Amino acid sequence: MSSIAPRRLVLAAGLALAVLGCSSKPTSQQATKPATPPPAPTPITAAPTPPPAPQPPAAEQGARRESPATRGPTPPGRFNGTPPELAQRPGTYFVLNGTPEKVPAVKLGERATVARIIDEGKNRNQVMDHLTHLTTKLGPRLTGSSRLEAANRWAMEQFQSWGLESHLYQWGTIPVRFDRGPSHAKVGTMRESGEFRPTRDLEFTAPAWSAGTNGPVRGQIIKMPETEEQYEAVKDKLAGSWILIKASGQGRRGVGPMSGGAQARQRFFAETRRKIEAGELKLQPDAQPEEAQPEPQPAPEAKPAAPTEGIAGAWEGTATGGRIPEGGAPFTLEFKVEGDTVTGTMGYPNYHSGPIKDGKWDNASKTLTFSWEGPGGTGTYSFKLDGQTLSGQSQRDENTVIALSAKRPQPAEAAAPQPEAARPARRAERPKGPSIDERVFMHAPAGYISASGDELVRTSGNFRNLSMANLPKDVEITVRSSDYDYINSRVSDGGTIHLEVNLDHTFVEGPIPVYNTIAEIKGVELPDEVVIISAHLDSWDGPGSLGTTDNATGSSVTLEAARILAAVGAKPKRTIRFILWTGEEQGLLGSRAYVRELKEKDLLKNISAVFVDDGGTNFQGGLHCLDSQVDFLAAATAPVNGVFWSSTDQRFLDVNIQPGRRMGGGISGGSSDHASFLAEGVPGYFWDEVGRANYGYGWHTQNDKLDLAIPEYLIQSSTCSAITAYNLANAPTLLPRQPLPRNEDSKDTSASAEPSSSNTQATAR
Ligand SMILES: [Zn+2]
């Protein structure tokens, strides 16, 4: 928090407390003030004009990188806090679609307790201590990793140290633990002396649960040959070298298996390895005895892959529309079908790939629907299977539709149909046998280098179908596009440069238990009824990332909300439960398992509401809710309003209530753990995180470090969560679950939370 803010805010707090008519424990500043109560509160705008906004810290300037850490001006109509001229006395208004309104008269929590929560949250907030420990001491927390288990246990001990009951809830196991140690990649030149002289540190990643190097591995960088001539020119240098894969995207498209993205390449490597072991592939096909040389026969037509049933397995295709460049972008799908439940991944090669969520297959209509979280936000996808073609679309907003069409991947040799002219020559010059990609692979290069489409390298990966018996063996790193251009231009100019990569990857045989950390403040009147404050503790673990804004910030906000409520001795009527989920990045695994158990025990009816903070370091600036829930949420969040002044934004960090006919923020499937509850009709809220931070800059990228955190926002978020939970835990009833009957003036603004495709940089999610 900048030095200015506290004094100013304390002034405001003093006023707020006055309004709330209760004395707070004197803090240092207040001690100096005369005993007499401050004069009657005057509108905030009367406060002296604030000094010029201080310069945002370096991290927020991020000039050097393509996608800055802070985003540009807030688009018109998008709420980003209440300007001073609109704000009213603290806690006396709620914000409805951006406009201050009178607070509905709903009796919720004790005003004195709310005042103590505000005082504790503003003047003794420890959210940054939790965040600093989670990131710099415990580090990135991949599902199933040692670091995450340590974080689960640390959080449990924190909760217990504040007097809460807390335990680890095991939601399952994973087959193999993956621990990533310190990793580096640098390019340089080799001196005569054999000494390696690094010239550039790369920003890169390698998928989680992927092959590492056994210590630093150094090799010359060779561009992936695409023609026989190119292959002949480099074949003697391939062993132990690093293969530079042509960047695809922006109109540049790779060919054959090498173009399909990291996961498609891993499939190609595994398949080629199988063929080699089966003797189906040899670098030098067996020489035919002279006399037996048969007449060169026309190459048999590439046999299209045998049609397979349903949608299980791999698909490849092209997506068009929205911001996708002219000509479309290649994408891949891979599905596993159990009954009507579909799991799997979707990916845009070298850009981003990740798990699909809420996959549903309807065999009768041959239709598939799922939601997928991409850098541009979350979208719902619906596909129809017609023969061997899967065609689908994703409605981004009322005028943007992404069209997708996919087929089964063709066997490698069929991948690159050659123009007629080339065909006779190739057949003439290349005896029947392995493709260029296969031959390069068989020369045992050190590994492969692919390029990201921008300056961000996003980490993903999955542990499905993994066992100690089939651990990946082939190394691939993805570098940011400027690193690719640095390498590519030097190699293309005929330069000889080397790459040294050290990937410290450790696999531990499972089953590895995986946990959510749960804690609670028991309700004093209705202990079986529950309000849940939560966030996911797991993160991706790419080199450079500490898993800060996805999602140590939400986890720290949840921890601090619990500490504040414990510190003020809150005694809510209903139980307030704090949950740190894991397995979120792999498909909401921890929350889905928890919801499944509550459902089996018929306990979902007792959950009043579930709140998820998973929008990074921005402040809790809004809730999308049903029109029937406005009164409760308005009264619950009103005490936050007019209290947190940001001198940087020149705004009050208020909570904007946005009613509609659908719950929870964004599409019903949604992209975080609240969706697991929404799927069962339980009110699940994804805090609409508002502010100057550009979420996409740290989302799964190398930049997700502590310096992205904005303390004043996290102080608001943790205090807001404490107040909202306490108030709803004291509400007259559980939150309504159905919208108001149609004929009622339903205040339906059908605010679509789906982020517009105008800003490809992820605004949140
Ligand atoms: Zn997240």
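User: Why is L164 called buried?

Analyst: The cut-off for buried is under 20% relative accessible area. L164 comes out at 6% relative accessibility, so it counts as buried. Keep in mind that this is a predicted model. L164 belongs to the loop between α6 (146-161) and β3 (165-180).

User: What is L164 in contact with, leaving aside its neighbours within four places in sequence?

Analyst: The list is F159, A519, E520, I521, A562, A566 and F578. Take A519: it is 355 residues from L164 along the chain, yet their C-alpha atoms are separated by 6.2 Å.

User: How many residues of the protein are buried, as a percentage?

Analyst: Of the 765 residues, 55% are buried. Take the contacts between residues at least 6 apart in sequence: 76% of them join residues at least 24 apart.

User: What makes W209 stand out?

Analyst: Its phi is positive, about 60 degrees, although W209 is not a glycine. Most residues other than glycine have a negative phi. W209 is in the loop between β6 and β7 (217-223).

User: And is W209 buried or exposed?

Analyst: Buried: its relative accessibility is 4%, and the label applies under 20%.

User: Which other residue has a positive phi without being a glycine?

Analyst: H700 is one, with phi near 65 degrees. You'll find H700 in the loop between α17 (695-698) and α18 (711-729). At 7% relative accessibility, H700 counts as buried too.

User: What makes β5 and β6 edge strands?

Analyst: Start with the sheet they belong to. It is open, has 8 strands with mixed pairing, and runs in the order β5-β4-β19-β7-β8-β17-β18-β6. β5 (196-201) and β6 (204-205) each have a single partner strand, so one side of each is left without a neighbour in the sheet.

User: How do you know that β6 pairs with β18?

Analyst: Pairing needs at least two bridges. β6 and β18 (residues 476-479) are joined by 2 bridges and run antiparallel. In this pair, T205 stands opposite T478 of β18.

User: Which strands pair with β17, and in what sense?

Analyst: One is β8 (residues 242-244), parallel to β17 over 3 bridges; here L244 is opposite I449. β18 is joined to β17 by 4 bridges, and these two run parallel. In that pairing A451 faces V479 of β18. Both bridge counts, 3 for β8 and 4 for β18, meet the requirement of at least two.

User: Why is β17 called mostly covered?

Analyst: Because the label buried means under 20% relative accessible area, and 5 of its 5 residues are buried. G447, I449 and A451 point one way, while Y448 and S450 point the other way, and all are buried. Helix α8 (residues 261-277) lies across β17 (447-451) and β18, at about 160 degrees to β18.

User: How do you know that the charge of R490 sits over the ring of Y486?

Analyst: One part of the test is distance, within 6 Å of the ring centre. The charged end of R490 is 3.5 Å from the centre of the Y486 ring, and it sits over that ring. R439 does likewise with Y231: its charged end is over the ring, 4.6 Å from the centre.

User: How many aromatic pairs are there?

Analyst: The count is 18 aromatic pairs, where ring centres have to lie within 6.5 Å. One aromatic cluster is made of Y169, W581, Y594 and F677.

Conventions. Residues are numbered from 1 along each chain as its sequence is written. This is a predicted model: local features need pLDDT of at least 70, side-chain atom pairs count only at pLDDT 80 or more; totals for chains, interfaces and linings use all residues. Side-chain values use heavy atoms; hydrogens and water are left out. Rings of Phe, Tyr and Trp (its six-membered ring) pair if their centres lie within 6.5 Å; planes under 30 degrees apart count as stacked, over 60 as edge-to-face and the rest as tilted. A charge sits over a ring if NZ of Lys or CZ of Arg is within 6 Å of the ring centre and within 35 degrees of the ring normal. Contact means heavy atoms within 4.5 Å. Axes are lines fitted to C-alpha atoms, for helices over the stretch in contact, and angles run from 0 to 180 degrees between N-to-C directions. Buried means under 20% relative accessible area, exposed over 50%, partly exposed in between (1.4 Å probe, protein chains only).
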